[in-house]
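Here is a brief report on one protein chain.

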Amino acid sequence: MAEAIVGGSLSRLRELNTQSALRVLRGAEPMTLTELSKRTGLSRASTEDVVDDLLAQRWVVEEAPTAGAMGRPARRFRFRSDAAHALGVDIGGHRVRAIITDLDGAVLGRAEDEVDASAGRDRRLAAADDVVAQCLRRSGLTTDQLWGAGVGSSGLIDATGKVVLSVDIPEWTGLSLSEHFRARLGVPVLADNDGRLAALAERWRGVARYAKDFVYLLAGLRTGLGLVIGGELHRGFGGAAGEIGALPAAGWIRAQEHLRKAGGEAGDVFAAARAGDRQATAAVRRYVRDLSVGTAALVLTLDPQMVVLGGGFSRSADVLLDLLRRELDKQCIRTPEVLASQLGDESVVLGAARLALDDAELRLFGVRP
């Protein structure tokens, strides 16, 4: 893991000064000691000491002087977003994905592989370990250069990263995803439900990046959910917020059955409906009607700015969105915007990386991003 900011041998004040300087340098143009001193409110001498420490720890780099400048140019410094990296992992029922980003969130490497839907715990974890190793190799990085990792999967996952309950992957129940990857990577690891992480990615880079309140639907072979309230991912007291699909009356348990009964894969049914096939169109309408019940309950409870349709079925948003809007119009006092995610299959893995980055920034800068 990248070297942490030294704090144990320094006073608390020195540690706070260091974090203050990093917060100012992060995302800013290279600046001089004088400019940094003014922005942080530190004395020139204290600023110089802090910058020397950060240079030694490789969190800051000195910029080369501008060519052709007259006289001796002032030294300028910038934050090194490549000083450490974050890993995101998405372990799904049929596929495992991993990405590595720098501290600015730029993706440096990707890897993915299929996993058999019937794979047990050991085989699925082994597949995830292989994908992570591939991602590291493709990025040209080692685990020593990681600052943290985030892991997403289905099921109810508590604050420690333990899968409390998993219906889709039964052997997952009782597994600590955080412990598994922490033992292999040697870095802090956080884990969360895939629907919540997809919502986190949508808030970061998707159509909901300017929304403070929205409902995210992870629509696919199963239906998941993420809630963002007041700009924050909402997990609830025990991490079970939004598990409305467990309520049979919500309709989510049976929703996909309408598509299966129409024959073929869901994508084939959507394509047939798009082409005007009556049987497929009726199946899609029944699917959306069931999907809308739980969604309407959330809309009536939260009054969100928008509903975002994500997951694998978002590729057929042209078939689904208008139907979903119309169903919500029938059931809601105020229908929010209903938009399709543009993040594709990477929504969960991006959210996992963002989870790791949020934790890294809290440790690095002393405040939440």
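A hairpin of three residues links β11 to β12. The model is predicted. The two strands run antiparallel and share six bridges. Within this pair, Leu217 sits opposite Leu225 of β12. β12 also pairs with β13 (residues 232-233), again antiparallel, through two bridges. Here Ile229 has Glu232 in β13 as its bridge partner. Two residues lie between the strands of this second hairpin, where Gly230 takes a positive phi near 60°. β12 is mostly covered, with six of its seven residues buried.

| Strand pair | Bridges | Residues between strands |
|---|---|---|
| β11 and β12 | six bridges | three residues |
| β12 and β13 | two bridges | two residues |

Next comes the core. The largest nonpolar core holds 36 residues, and Leu217, Leu259, Phe270, Val284, Tyr287, Phe313 and Leu320 have the most contacts inside it. Elements that each supply at least two of its residues include β11, β12, α7 (252-261) and α10 (317-331). α9 gives the largest share, nine residues. Beyond its neighbours within four places in sequence, Leu320 contacts Phe270, Val284, Tyr287, Val288, Leu309 and Phe313.

Helix α11 spans residues 347-365. Its 19 residues reach 26 Å from first C-alpha to last, close to the expected 27 Å. Of these 19 residues, 15 are buried.

Last, confidence. The chain averages a pLDDT of 89, and 95% of the residues score at least 70. Helix α1 (residues 12-25) has the lowest mean, 81, while strand β14 (residues 306-310) has the highest, 97.

Conventions: Residues numbered from 1 in each chain as written. Predicted model: local features only at pLDDT ≥ 70, side-chain atom pairs only at ≥ 80, totals over all residues. Heavy atoms only, no water. Helix = DSSP H or I, 4+ residues; strand = E, 2+ residues; numbered from the N terminus. Expected span 1.5 Å × (residues − 1). Buried < 20%, exposed > 50% of the residue type's maximum accessible area, 1.4 Å probe, protein only. pLDDT = per-residue confidence, 0-100. Core = buried A, V, L, I, M, F, W, Y, C linked by side-chain atoms within 4.5 Å. Contact = heavy atoms within 4.5 Å. Pairing = 2+ DSSP bridges.
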